[in-house]
Amino acid sequence: MSILIVSRSSVNHLNKIIRANSKPTSGVSKAISADLFTSNIVVAKRACQSSIRIRQDQLLLDTIDPCQRCQMLYVDQPTGVRRNEIFAALPKMRKVDGRVQFGRYAVMSTKEGENIRKGPGSRTIIVGDVVLPTEQNH
């Protein structure tokens with residue numbers, strides 16, 4: 001099972017691009033929130049390229065592939081209206097080989113002994129948990 005991680009700093013950067021590209025009369029004033037990306041985990045800063053640890057003794061996740069975003073990202077889910085400002089801004093920020101990427105997938109680490117705590121509740125994460133980058137190389 002993969003877990004999608006999105007960083008608040010990347011969402012903030014996307015909002016800056018949208019504001020810079022929007023005309024004052026365009027009516028684009030609503031900032032994009034991290035919720036739009038339907039991620040499982042939102043971190044403060046961009047996820048590293050290898051692994052992250054949630055709490056010091058809790059859980060190790062290996063980041064794997066970037067998330068290639070689908071067209072549904074550009075549709076405001078409550079209203080069904082296409083958000084053209086996202087469609088215009090996101091490719092400027094993260095386009096690789098013709099595909100728009102935003103967020104990274106992660107999986108629970110398979111390294112023996114890396115997920116220190118075992119037992120009931122040991123793999124539960126909650127809002128506010130500290131996310132630490134690791135120095136491991138894959």
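Leaving out neighbours within four places in sequence, N15 is in contact (heavy atoms within 4.5 Å) with A31 and I32. This is a predicted model, in which local features need pLDDT of at least 70 and side-chain atom pairs count only at pLDDT 80 or more, while totals for chains, interfaces and linings use all residues. Residues are numbered from 1 along each chain as its sequence is written, and side-chain values use heavy atoms, with hydrogens and water left out.

**Residue N15**
- N15 is placed in helix 1; helices are DSSP runs of H or I with at least four residues, numbered from the N terminus.
- With a relative accessible area of 7%, N15 is buried, a term for under 20% relative accessible area with a 1.4 Å probe and protein chains only.

**Helix 1 and helix 3**
- The axes of helix 1 (residues 8–21) and helix 3 (residues 84–93) cross at roughly 120° and come within 9 Å; axes are lines fitted to C-alpha atoms over the stretch in contact, and angles run from 0 to 180 degrees between N-to-C directions.
- On the helix 1 side, the contact is made by S10, H13, L14, I17, I18 and N21, and on the helix 3 side by E85, I86, A89, L90, K92 and M93.
- The residues of this contact divide into 7 nonpolar, 3 polar and 2 charged (Ala, Val, Leu, Ile, Met, Phe, Trp, Tyr, Cys and Pro count as nonpolar, Asp, Glu, Lys and Arg as charged, and the others as polar).

Notes. Helix = DSSP H or I, 4+ residues; strand = E, 2+ residues; numbered from the N terminus. Buried < 20%, exposed > 50% of the residue type's maximum accessible area, 1.4 Å probe, protein only.
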